[in-house]
Amino acid sequence: MKGLFRFSLVLSFICSSCLSDSSETVSESQTQNLYRLTTDVGDQYSPKFSNNGRYLAYISTEHKREDIFIYDFLEKKKIKVTDSIHHNEDIEWSPDDQFLSFTSYLDGIPTVRVFRLSDATIKSITKEEQKASDAKWSPDGHTLVMDFNQKGKDLWSLDITSSEFTQLTKMEGDEINFGFSYDGNYVGFNSRGTPFPHLHTLNLRTKEIIPLVSDESGFEWHPRWSRMAFEVIFYSTWNNEMTDIWVTDGSKEGLFRVTNREIEEFGPAMNYDENLIAYFSWDKSNEIKVYDRRTKSEKSLLLKKEIIIEWNPMNWSPFDNRLAFVGRHEKDRLYSFSFKDSLVTLVMPNGPNNYETDANINDIGTYLLFNDQNNIVIRNMRTSKDVIIAPAEDHQLDINPMWVPSSNNQISFIHISGGASDTNNVWIMEKDGSNKKQLTDIGGIKNYQWIDHDNLVFSYDPDTSYGNYDIWTFNLSSNTYRPLVQDENTTLYASSVSRDGKKLLFSGDFDGAEKIYKLDLDRPNNFQEVVNTLDGGSSPVFSHSGKAIAFVSNNNEEQYYDIYVMAENGGAVTRITNSPEREHGIEWMPDDQSLLFSANKGNKDIYLVDVDKRMEEIN
């Protein structure tokens, strides 16, 4: 199951406002990026994304009990896991997402149970007399570690294959499990054998118990293992101060304090890539803040005015930096908030001479197309795996790859043979590189765009003089060409078609300076200049919603070109990048909140820049 659905949901629930089938709608006052996930009756809390991102498990009091539900983002349906008088908690997905373990209480006695997704069956894996709770899966899925509450809580492990239990700790007080290390060799836990709960780790091979934080002046709570390193994040008091967020690798030198303010900060959670740490910050009321470990800066989600944030464990999706948490109006509901870093390199060079350009992403954000040294490459956005689907041959180039509209399986590109522009024609192929065929036969084509599945618009120079391109269209069904905009003294570049196929953005130097124009495709030569583009601009691109335009400009002859964004109908212009390199090859992400572009920062790489100004950066 993990392999089957791993790649299908990069942005699938961005457009989904709620998990239930209720007719209740999301408030129009909600700001961009904040999404209400549930509108069920009762309260919903303890969200837990599956490892492949397809499912969200959570607890709901919809039926006056604390039952567990799963929402399937792919099938857009809700699955009821439990239906009992028992209190249920401690939701945990197995590594392959085929099982969901949880703790079920009957008359106050805990039992660990496992729900199998394939046939919706539940099995109790512990007995009442063991009083087991809070089971955690090993990274390989072969072992569960849990608490047994006999004379105080101790940790026990269950071998899934043999069904054998092994006692792991026999310390004074309670040992409360918080999970496995990334390599499966250690189990970390809180020990309450002293007045303060301190972090320890058990080496499963040597059985040695090691304290992770040696200073006894505070306490450590809500610890979470790193998925990638021997590292734990937690919150702690220190010398009776306010609680702060900390990170440790078990060494004295590896203890790092993330926050240090006169307010309470607690409940940390790391995103899938472990570059971001989300936590609650208490200043009269809860706010969620995020610490960027690379830039050492903080960002606030600024949610106080819109929603009451409840203290309840947060959870990150493995996709798109989406954070699920509990918020309340009249009842507790699940919400998510999506954001991206200000600048992220998506495609890094594999060698000193590699150039990655011409990024194009499919509608659901799962696959990225780009050129690398004139090869066409497809990248899986979830795994970062690259596959060369059109290797360049001698004296031939395949450039400008683009997903064909209404298809996630076909790719178009410009094929050049022998390096001569009069061979520039648009071709099409399957996404595995098979079944290549030629679409146009006139040569001299540049800057093509799809109007719809049957029509192309492109810049065309019949004399291949590299300077006087006009704009033409091509109908695939009738194999006919027609001019849209012609001027023998002007170079025109077709840049972007609106999603409804009605408008075209292009740039042209009618008066000597390159400016941006908008054309009604049903009325050839009926175009107008797009105003407020800084006295010039090029490479304009419609956003997916059609409400915004991104373009590049050197802003009155500055030494470099940057990206700007403005409303489709004019208005204020916002500068998005400010760097000494020229940005080009702009492409909107499907959510309209970020832009892809290429830049030569030593090598030509593909970058992602956030255009959402909703989060405030705190210095």
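The legends below describe close-up views of a predicted model. Local features need pLDDT of at least 70 and side-chain atom pairs count only at pLDDT 80 or more, while totals for chains, interfaces and linings use all residues. Residues are numbered from 1 along each chain as its sequence is written, and side-chain values use heavy atoms, with hydrogens and water left out.

**View 1. An open sheet of four strands in the order E14-E15-E16-E17, with antiparallel pairing.** Strands are DSSP runs (E, at least two residues), numbered from the N terminus, and two of them pair if DSSP finds at least two bridges between them. Strand E14 (175-180) and strand E17 (209-211) are the edge strands, each pairing on one side only. Inside the sheet, strand E15 (residues 186-191) and strand E16 (residues 198-203) run antiparallel and are joined by six bridges, with Val187 opposite Leu202 in E16.

**View 2. Ser157 in strand E12 (residues 152-159).** Ser157 is buried at a relative accessible area of 12%, where buried means under 20%, exposed over 50% and partly exposed in between (1.4 Å probe, protein chains only). Among the residues that Ser157 touches are Thr143, Val145 and Phe165, not counting residues up to four places away in sequence; contact means heavy atoms within 4.5 Å.

**View 3. The aromatic pair of Trp225 and Phe230.** Rings of Phe, Tyr and Trp (its six-membered ring) pair if their centres lie within 6.5 Å, and planes under 30 degrees apart count as stacked, over 60 as edge-to-face and the rest as tilted. This pair is edge-to-face, at 5.1 Å centre to centre and with 70° between the planes. Trp225 is buried at 11% relative accessibility, whereas Phe230 is partly exposed at 25%.
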